Amino acid sequence: MATENSDNPPAPPPPAPSLPQYPEMIMAAIEALNDSNGSNKSAIATYIESTYGDLPPAHATLLAHHLNKMKQSGELVLVKNNYMKPDPNAPPKRGRGRPPKPKVPLPPGTVVSPPRPRGRPPKPRDPFSPQPEPKSPSGTGRPRGRPPKKAKTATGAPRGRGRPPKVKPAVAPVGC
């Protein structure tokens, strides 16, 4: 049995040489490659590998993840499989579908009414008519809808497959 003192926790592993964050490395690679058509994923990966030597084993996965994340957030633009910085003068890219109507700001002090209920409005009730009696259950005593399936009960021999054979009537013996 090993006697370990719980007061002294194990020493933390030595800190790895600090790498910049992936978005910073990607932006530096795109700026350094300085291609007018943008840089593809493999060119960015080789530049990062040559500049920063000690990369994690999951470098390719991390690079792909951060490239997709930067593309979704608008930090990078993907044109013909090449990543480039977005043009600052270009209008922002619209999403799919019809754009929402612009909301007009309401003047202060306006009370917002709740939205109209969905569906067909109820018929107006005549205040002078007598109250209808609540409907009693129908006289048959059967619930609405299709009845539930009956549980199988094993009675006798199980039936075979297909159509049953024709039953031949018993013939009375002909006697003289």
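**Labels and their cut-offs**

Reader: Why is Glu31 called partly exposed?

Author: Glu31 has a relative accessible area of 48%, and the label covers the range between buried (under 20%) and exposed (over 50%), taken with a 1.4 Å probe and protein chains only, so Glu31 is partly exposed. This is a predicted model, in which local features need pLDDT of at least 70 and side-chain atom pairs count only at pLDDT 80 or more, whereas totals for chains, interfaces and linings use all residues. Residues are numbered from 1 along each chain as its sequence is written, and side-chain values use heavy atoms, with hydrogens and water left out.

Reader: What makes the pair Glu31 and Lys85 a salt bridge?

Author: A salt bridge requires a side-chain nitrogen of Lys or Arg within 4 Å of a carboxyl oxygen of Asp or Glu; between the side chains of Glu31 and Lys85 the N to O distance is 2.3 Å, so the pair qualifies. The structure holds 1 salt bridge. Because Glu31 lies in helix α1 (residues 22-33) and Lys85 in the segment after β2 (82-84), the pair ties together parts that are 54 residues apart in sequence; helices (H or I, at least four residues) and strands (E, at least two) are DSSP runs, numbered from the N terminus. Lys85, with a relative accessible area of 34%, is partly exposed.

Reader: How do you know that His66 is buried?

Author: The relative accessible area of His66 is 14%, which is under the 20% limit, and therefore the residue counts as buried. His66 is placed in helix α3 (residues 59-73), and, residues up to four places away in sequence not being counted, it touches Tyr22, Pro23 and Ile26, where contact means heavy atoms within 4.5 Å.

Reader: What makes a group of residues a nonpolar core, and which members of the largest one touch the most others?

Author: The term stands for a set of buried Ala, Val, Leu, Ile, Met, Phe, Trp, Tyr and Cys residues joined through side-chain atoms within 4.5 Å. The largest such core has 14 residues, of which Ile26, Ile44, Ile48, Leu63, Leu67 and Leu76 touch the most other members. The elements giving two or more residues to this core are α1, α2 (41-51) and α3, and the largest share, 5 residues, comes from α1. Leu63, its neighbours within four places in sequence left aside, is in contact with Tyr22, Ile26, Lys41, Ile44, Ala45 and Ile48.
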